[in-house]
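This report describes a helix pair and one of its residues, and then turns to the protein as a whole. The sequence and structure are shown first.

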Amino acid sequence: MRIKIGHASIDEKGKIKGGCAGDQTGKEVCVRTWYSRPWAFVLRCKDPAKAEKMAAACEKGCSNDKIGYDQNQRNTLHTQAKKTRFDLSKITEACETDCSAFMTVCAQAAGIPVPYNGTNAPTTSTMKSAFTKTGEFDVLTDSRYLTSDTCLKRGDILVKPGSHTVMALENGSSASFQTPSAPTSASPSPAYTETQFIKEVQAATGAKTDGIAGPETLSKTVTVSSEKNSRHAVVKPVQKYLYALGYTSVGTADGIAGSKFTTAVDSYQKTVLNYNHPDGEIPL
């Protein structure tokens, strides 16, 4: 089942401007299911608490029929939002927005100061620059975020410059397996789940293959040397796991702890685990 998204879509006449203020049909600013545009990139808030606030604001905006769609009046939502301290459920005066102005107001509702061009909200063509200038967002361009909803997280903003932008209001089925701070330059193929990873590590270390990283599995920790391109059965699943998280520099899953493997493990440990391993040793 596809996740829900929120967006400012079209006016009551099926046009981008010229309609009456407010949502006349209930579909001008609304919730619907995810679809492929296809999207060009995803703006993911680094702070999960702020991502949740953005999503909550989006839901409130979609539920308030005082907020409609009109590109000519796209900044009137911002005017009204300021009056309610960005609680979009409390707006009582009919106003308008468009897709990117709506996403901007949702970000402001989370306390993120997305810069305006004068009094004009960013457009889909300038959103990447405006949102990343705040230092609050990562830009995800991996195809797994753009062609499917499975890896999306609640609060993610999907953008196609010059076209449209929407917000994910639910987590995709594989969202819990994503590491926001990890590189996202390429997609794993085929998909490699965390349970698969644990089972393969267990098989490689002689632990019970139940897919649960319990005491027995943790007691089987091994250390491999990176100095002699050593081969160990546990290396291959780690390579596949890192690749699934976006560390494509790890290369192919050949089971050899070479320089690419060392670099990828080191990056993961520093970025995600805040751990620096001694030179030449990689605890797994």
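## Contact between two helices

Leu-77, His-78 and Ala-81 of helix α2 meet Phe-102, Val-105 and Gln-108 of helix α3. Sorted by class, this contact comprises four nonpolar residues, two polar residues and no charged ones. The model that shows these residues is a predicted one.

## Geometry of the pair

The axes of α2 and α3, the latter spanning residues 99–109, approach within 9 Å and cross at roughly 20°. Angles under 35 degrees count as roughly parallel, and α2 and α3 are therefore roughly parallel to each other. The crossing in which α2 passes α3 is right-handed.

His-78 lies in helix α2, which covers residues 76–83. Is His-78 buried or exposed? The relative accessibility of His-78 is 15%. Because buried means under 20% relative accessible area, His-78 counts as buried.

When neighbours within four places in sequence are set aside, the contacts of His-78 are Phe-86, Val-105, Gln-108 and Tyr-116.

## The protein as a whole

The protein contains nine helices and ten strands. It has 284 residues, of which 47% count as buried. Among contacts with a separation of 6 or more, 67% are between residues 24 or more positions apart.

Methods
Residues numbered from 1 in each chain as written. Predicted model: local features only at pLDDT ≥ 70, side-chain atom pairs only at ≥ 80, totals over all residues. Heavy atoms only, no water. Helix = DSSP H or I, 4+ residues; strand = E, 2+ residues; numbered from the N terminus. Buried < 20%, exposed > 50% of the residue type's maximum accessible area, 1.4 Å probe, protein only. Contact = heavy atoms within 4.5 Å. Axes fitted to C-alpha atoms, helices over the stretch in contact; angles between N-to-C directions. Parallel < 35°, antiparallel > 145°, perpendicular 65-115°, else oblique. Left-handed = near helix turned anticlockwise from the far one by under 90°. Nonpolar A, V, L, I, M, F, W, Y, C, P; charged D, E, K, R; others polar.
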